[in-house]
Amino acid sequence: GRGHFKNGFQGGVHIVRHADEAKDIASKMLGQTLVTKQTGEEGKRVDKVFLMDGCGRGHFKNGFQGGVHIVRHADEAKDIASKMLGQTLVTKQTGEEGKRVDKVFLM
């Protein structure tokens, strides 16, 4: 399940459309206690979140690697998101033309 953080923030997957938004959301998750069915009310402290472009394999035309990135600091979330958002992602499905990335996912 998605769960919730003890600070009131909702768990689960968050859609991010701006790098600053990635930093803001990550700051509400990192270092906080997430409560789910599995953890019970005690919860579990979150020390990393995952930022992804929705494609398992691929690369951006700016040289950045696509896929899932592990984030341990809110500033890192902003930095990684800025290298993905608005950039062209090339995968087997898109061919060399690629496709512009307008949103990433943070969980």
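The structure is a predicted model, in which local features need pLDDT of at least 70, side-chain atom pairs count only at pLDDT 80 or more, and totals for chains, interfaces and linings use all residues. Residues are numbered from 1 along each chain as its sequence is written, and side-chain values use heavy atoms, with hydrogens and water left out.

The secondary structure comprises two helices and ten strands, where helices (H or I, at least four residues) and strands (E, at least two) are DSSP runs numbered from the N terminus. Along the sequence these elements follow the pattern β-β-α-β-β-β-β-β-α-β-β-β. The C-alpha trace spans about 50 × 25 × 15 Å along its principal axes. Of the 107 residues, 38% count as buried; buried denotes under 20% relative accessible area, exposed over 50%, and partly exposed the range in between (1.4 Å probe, protein chains only). Contacts are defined by heavy atoms within 4.5 Å. Among contacts between residues at least 6 apart in sequence, 53% join residues at least 24 apart.

Three strands form an open sheet in the order E1-E3-E4, with antiparallel pairing; two strands pair if DSSP finds at least two bridges between them. Strand E1 (4–5) and strand E4 (44–45) are the edge strands, each pairing on one side only. Strand E3 (residues 33–35) is joined to the antiparallel E4 by two bridges, and Thr33 has Arg45 in E4 as its bridge partner.

His14 lies in strand E2 (residues 14–16) and, with 13% relative accessibility, counts as buried. Beyond residues up to four places away in sequence, His14 touches Phe9, Ile25, Met29, Val104, Phe105 and Leu106. A polar atom of the His14 side chain also lies 2.9 Å from the backbone oxygen of Gln10.

Lys23 is located in helix H1 (residues 19–29) and is partly exposed, its relative accessible area being 34%. The side chains of Lys23 and Asp75 are joined by a polar contact of 2.9 Å. A polar contact is a pair of N or O atoms within 3.5 Å; within protein, one must be able to donate a hydrogen and the other to accept it, and residues adjacent in sequence count only if both atoms are side-chain atoms. The C-alpha atom of Lys23 is separated by 8.7 Å from that of Ala81, 58 residues apart along the chain.
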